[in-house]
Amino acid sequence: MAQTITLLQPDDWHIHLRDGAALATTVAHAAQSFNRVMCMPNLVPPVKTASDAIAYRERIMAALQASDLPQARKEAFDPRMTLYLTDHTTADDIAAAARSGLVQAVKLYPAGATTNSADGVTDINQCVDIFEALEKYNLPLLIHGEVTASHVDIFDREKRFLEEVLSQIIAKFPELKIVVEHITTSDAADFVLEQSNRVAATITPQHLLYNRNHLLVGGIKPHFYCLPILKREQHQKVLLDVATSGNPKFFLGTDSAPHATHAKENACGCAGCYSSSIALPLYATAFDSVGKIDKLEGFTSRFGAQFYGLPVNESTITLVKQPLLVPSHYSYLAGTAEQTTVTPLAAGETLPWSFA
């Protein structure tokens, strides 16, 4: 009989659902596996205010109701909203977000760091009032942790951010809850371990399963291209170690980010891996690869909720150790003039774990 594992329903603490016609694909995929999802605010235009966040959540819920998902999944799905921190965000914006009851956190993108980050912060020293307000209202700060100076090597951007920016923020605002998102290096893992329990990190499936050889050897593989970029195998191994350690500082955040297939497979392709539809089999594969499948539930279903001060979910989902052929693509932007496909992470590969 095939091995099975039943988990408390997971949450995804970092996901890109996009907007408009994209929601028909992304929301249905996310809601199949996850109850709560932390929705990133880097839309065009960005989600900058509580009213923006509420309106965005309504669009997500409308897409959910239009999907073919079972009613139980529709009732369980709970998008948590974030605000996009800009040079013009005010302490009043943070207060309104806290009062809304729907905004769970605020996202810091250094300007130019990744997709739709042009409105990001250009000078962290001008954010003092914002950080003080976040401390006051106990709203976490979610950080894309990379410096963006053009002279810094892309493989060093995370390490430099920790040394030059994040360490200063933590020293000045020790009560600020911070999530260092999608960590990619041993430097980041060690940094998070050294901080208080008010600092945590999310880890994606691609950074647990792949390294920069997968991206570059034998030709550039655009569907492995994400930001922060995949690093050396030695960093991948450390991420696996901390993710499977049972340390509650590390929890699930897929950073699932859809881009049309033709936009990824382009002379200047987009950064982002689409994984939400198969995220749990991917994570199970990673954990099982080091004999730590018993540590999966804490990472997927407990530690994130505990960090955010929320109850763990009561529903469950079961995975089985049976082969899963990852689809080559999914329909994307259906019903529009731009109708196309989105290619998932590990497209065409066979994973050892699947949904029961």
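Modeller: Let us start with S277, which is buried, since its relative accessible area of 5% falls under the cut-off of 20%. Please keep in mind throughout that this is a predicted model.

Biologist: With which residue does the side chain of S277 make a polar contact?

Modeller: If we leave aside the neighbours within four places in sequence, S277 is in contact with H29, Y330 and F355. Among these contacts, there is a polar contact at 2.8 Å from the side chain of S277 to the side chain of Y330.

Biologist: Is L345 buried or exposed?

Modeller: L345 is found in the loop between strand 13 (340–342) and strand 14 (350–351). Not counting residues up to four places away in sequence, L345 touches several others, including Y210, F224, I278 and V326. Because its relative accessible area is 1%, and the cut-off for this class is under 20%, L345 is buried.

Biologist: What distance separates the C-alpha atoms of L345 and L296?

Modeller: Along the chain, L345 and L296 are 49 residues apart.

Biologist: How much space lies in the largest cavity?

Modeller: A search of the whole structure, counting cavities of 30 Å³ or more, finds three. The largest cavity is lined by 17 residues, and H16, T114, L227, D255 and A257 are the closest to its centre. The lining of the largest cavity divides into five nonpolar, nine polar and three charged residues. The space in the largest cavity comes to about 110 Å³.

Biologist: Which helix gives the most to the lining of the second largest cavity?

Modeller: The second largest cavity has a volume of about 40 Å³, and its lining includes T184, H207, K231, R232 and H235. By class, this lining of the second largest cavity has three nonpolar, five polar and two charged residues. With three residues, the helix that gives the most to the lining of the second largest cavity is the one at residues 233–243, helix 10.

Conventions. Residues numbered from 1 in each chain as written. Predicted model: local features only at pLDDT ≥ 70, side-chain atom pairs only at ≥ 80, totals over all residues. Heavy atoms only, no water. Buried < 20%, exposed > 50% of the residue type's maximum accessible area, 1.4 Å probe, protein only. Polar contact = N/O pair within 3.5 Å; in protein donor to acceptor, adjacent residues only side chain to side chain. Contact = heavy atoms within 4.5 Å. 1 Å grid on protein atoms, 1.4 Å probe; cavity = no way out; pocket = protein on both sides within 12 Å on 5 of 7 lines; lining within 4 Å. Points joined across faces, edges and corners; volume = space filled by probe spheres on them. Nonpolar A, V, L, I, M, F, W, Y, C, P; charged D, E, K, R; others polar. Helix = DSSP H or I, 4+ residues; strand = E, 2+ residues; numbered from the N terminus.
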